[in-house]
Amino acid sequence: RRKLLLGVAGFLAIAVPIGFGLAHGKPGQTNAPQSAASSQAEKASATAPKFEVASIKPNRSGSDRVSLFSSLGRFTTTGIPTKMLIQFVYNLKSDAQLTGGPSWINSEKFDIEAKEDDSFVQKMRELPFDEGTDQLRLMVQSLLADRFKLKVSHETKELPVYALVVAKNGPKLTESKLPPPGPMGVKPTGPRAFRGVRMGRGSVMATAVSIGFLAKVLSRQPELGGRVVVDETGLKGTYDFSLQWTPEIGLGQMTGGPGFGAAPGGNGQARTGMLPAPDSSGPSIFTAIQQQLGLKLKPEKGPVEILVIDHIEPPTPN
């Protein structure tokens with residue numbers, strides 16, 4: 001079994017997605033004049049935050065170990081396939097949201113070590129957790145544009161999705177007692193409680209997780225056929241819950257990578273873990289969500305943001 005062993009700290013604020021418009025203009029503007037679009041992209045690239053130095057090396061270990069770590073001043077990855085890295089930095093929920101690109105982005109893995117300059121580190125210390133997350137994702141986008149020559153465009157398509165709604169008898173969720181994470185540079189007092197999810201094939205155990213984050217986790221499950229899950233519950237705050245279902249035979253492992261299996265922890269910490277698959281006699285994922293969480297997946301169609309890879313090259317050598 002392929003396992004994603006994720007070492008994550010400091011920035012996996014999955015419940016606060018970065019809008020595609022931050023670096024490349026608003027979705028749906030693909031029919032704008034090319035010169036105006038190019039000018040806008042160049043302007044965004046010039047003002048986007050960047051790492052001070054970065055090392056990128058091919059990973060030929062043959063290991064399935066995947067790790068991603070960030071702390072104030074440092075960003076590192078080990079064995080990250082290029083496609084997975086792109087999905088993370090653009091905060092994509094589903095494989096269906098990424099199109100284009102050569103086949104090597106699915107298999108070629110890289111180890112990255114990047115350092116932020118001291119002035120940026122000081123700025124990050126004072127930012128709320130979600131804003132710090134946004135800045136870091138933009139920095140990795142700049143790295144991909146510089147070293148991988150990545151160029152992307154954005155589309156909005158009407159696609160089949162699942163709306164996550166409250167079931168007839170109401171939600172069966174326990175509101176978490178953990179406080180929200182503080183600024184990235186502030187150390188919490190007392191012991192650090194676990195905050196995030198432990199996942200396995202057919203298992204999700206969550207502590208202090210938002211429903212928006214749950215929607216993202218569900219979007220990665222193969223039983224949903226690549227459909228994006230949209231949170232329409234109206235539930236705010238964070239919750240503790242456990243969800244177990246019987247994986248469908250032949251659908252393989254859940255897809256995902258860094259950013260798909262963690263939630264923000266206390267003052268910039270995040271945790272992930274792996275759980276064994278549940279008993280094969282359990283319910284389907286659709287039944288489990290309704291019985292165990294008091295929620296429901298409703299099939300419908302809706303607008304989905306699509307990231308299109310227009311150009312990418314193997315990274316330039318160090």
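**Entry 1: strands 3 and 5**

I looked up how strand 3 (residues 74-81) and strand 5 (residues 109-115) are joined in this predicted model, and I found 6 bridges between these antiparallel strands. I take helices (H or I, at least four residues) and strands (E, at least two) as DSSP runs, numbered from the N terminus.

Two strands pair here if DSSP finds at least two bridges between them.

**Entry 2: ground rules**

I number residues from 1 along each chain as its sequence is written, and side-chain values use heavy atoms, with hydrogens and water left out. The model being predicted, local features need pLDDT of at least 70 and side-chain atom pairs count only at pLDDT 80 or more, while totals for chains, interfaces and linings use all residues.

**Entry 3: helix 3**

How many residues of helix 3 are buried? I count 7 of its 8 residues as buried, and the helix is mostly covered. Buried means under 20% relative accessible area, exposed over 50%, and partly exposed in between (1.4 Å probe, protein chains only). Among the buried residues of helix 3 are Met84, Leu85, Ile86 and Phe88. After helix 3 comes Asn91, with a positive phi near 55°.

**Entry 4: nonpolar cores**

I looked up the largest nonpolar core and found 33 residues in it. A nonpolar core is a set of buried Ala, Val, Leu, Ile, Met, Phe, Trp, Tyr and Cys residues joined through side-chain atoms within 4.5 Å. Those with the most contacts inside it include Phe75, Ile86 and Tyr90. Elements giving two or more residues to this core include strand 3, helix 3 and strand 5. A second, separate core has 26 residues, Phe213 and Leu297 among them.

**Entry 5: aromatic pairs**

I searched the whole structure for aromatic pairs and found 3. Rings of Phe, Tyr and Trp (its six-membered ring) pair if their centres lie within 6.5 Å; planes under 30 degrees apart count as stacked, over 60 as edge-to-face and the rest as tilted. The ring centres of Phe110 and Phe148 are 5.5 Å apart and the planes stand at 90°, so I logged this pair as edge-to-face. Phe110 lies in strand 5 and Phe148 in the loop between helix 5 and strand 6 (151-166), so the pair ties together parts 38 residues apart in sequence. Phe110 is buried at 7% relative accessible area, and Phe148 is buried at 1%.

**Entry 6: salt bridges**

I searched the whole structure for salt bridges and found 5. The cut-off is a side-chain nitrogen of Lys or Arg within 4 Å of a carboxyl oxygen of Asp or Glu.

Lys115 forms one with Glu52, with the closest N and O atoms 3.1 Å apart. This pair links distant parts of the chain, 63 residues apart: Lys115 is in strand 5, and Glu52 is in the loop between helix 2 (34-47) and strand 1. Lys115 is partly exposed at 37% relative accessibility, and Glu52 is partly exposed at 46%.

Are Glu223 and Arg201 buried or exposed? Their side chains meet in a salt bridge at 2.9 Å, N to O. Glu223 counts as buried at 9% relative accessibility, and Arg201 counts as buried at 6%.

**Entry 7: totals**

I noted 7 helices and 14 strands in the protein. Of its 318 residues, 48% count as buried.
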